[in-house]
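User: I have a structure here that I'd like to go through with you. Can you take a look?

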Amino acid sequence: MSSVEPAVAYRVVILTSTHYVSGDLLFKNQRLSDYLNDRRESVISLRKAEVARLQDPGKILQAHPAAVIPKTWAMIAFEPPQKSIPQAHRFYGYVKKQEHEVFILMDRLEVRGILHTQADLDLRRVFLDAANSFLPLTKAVVTLFANEKYVIQQDAIMVNANLIRYIAKMEPVGT
């Protein structure tokens, strides 16, 4: 007799260029990175979705029992801290060997964090690796152009490489 692992709902946050969307996403024995990079699904299907503008992410504009976001519009995705499973266990299982501190510009967002690669950092490869359009960044800090006072700090986020407008390796201060 085989045991089928049930789908588990995790709260996720999706940032588009103008909105902050949160909702429950069903995972079945996979991580957020696996879900986002799965080419068989082109949308992110949320339950108990809430939408806010980036200017005021704390002010919910709308709440809906179900919603979808095309993956192509999702700039950043992450799981906020939640009781069900430690966030570190969901993200860090796949973290690769080399760490590179990077600075990223996206439409209306600035992102700083650690990009993990198997080899030396080749910034061009970030755009060429079609297999992983969502890249993991750890120790991430996201600053919103719409509200610079609202800064998101997360242990791990997923960044849509197709929506990166600028990426550079950060050099240590004083070099």
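Predicted model: local features only at pLDDT ≥ 70, side-chain atom pairs only at ≥ 80, totals over all residues.

User: What percentage of the residues are buried?

Analyst: Of the 175 residues in the protein, 43% are buried.

User: OK, secondary structure. How many helices and strands are there?

Analyst: The protein has 3 helices and 10 strands.

User: In what order do they run?

Analyst: Starting at the N terminus, the order is β-β-α-β-β-β-α-β-β-α-β-β-β.

User: Take β3. Which strand does β2 pair with, and in what sense?

Analyst: β2, residues 19–27, pairs with β3, residues 43–53. The sense is antiparallel, with 5 bridges. Within this pairing, His19 stands opposite Arg53 of β3.

User: And how many bridges join β3 to β4?

Analyst: There are 9 bridges between β3 and β4, the latter covering residues 60–70. These two strands also run antiparallel. One of the residue pairs is Val51 with Gln62, the latter in β4.

User: Switching to contacts. Of those with a separation of 6 or more, what percentage come from residues 24 or more positions apart?

Analyst: Residues 24 or more positions apart account for 62% of those contacts in the protein.

Technical notes:
Residues numbered from 1 in each chain as written. Heavy atoms only, no water. Pairing = 2+ DSSP bridges. Helix = DSSP H or I, 4+ residues; strand = E, 2+ residues; numbered from the N terminus. Buried < 20%, exposed > 50% of the residue type's maximum accessible area, 1.4 Å probe, protein only. Contact = heavy atoms within 4.5 Å.
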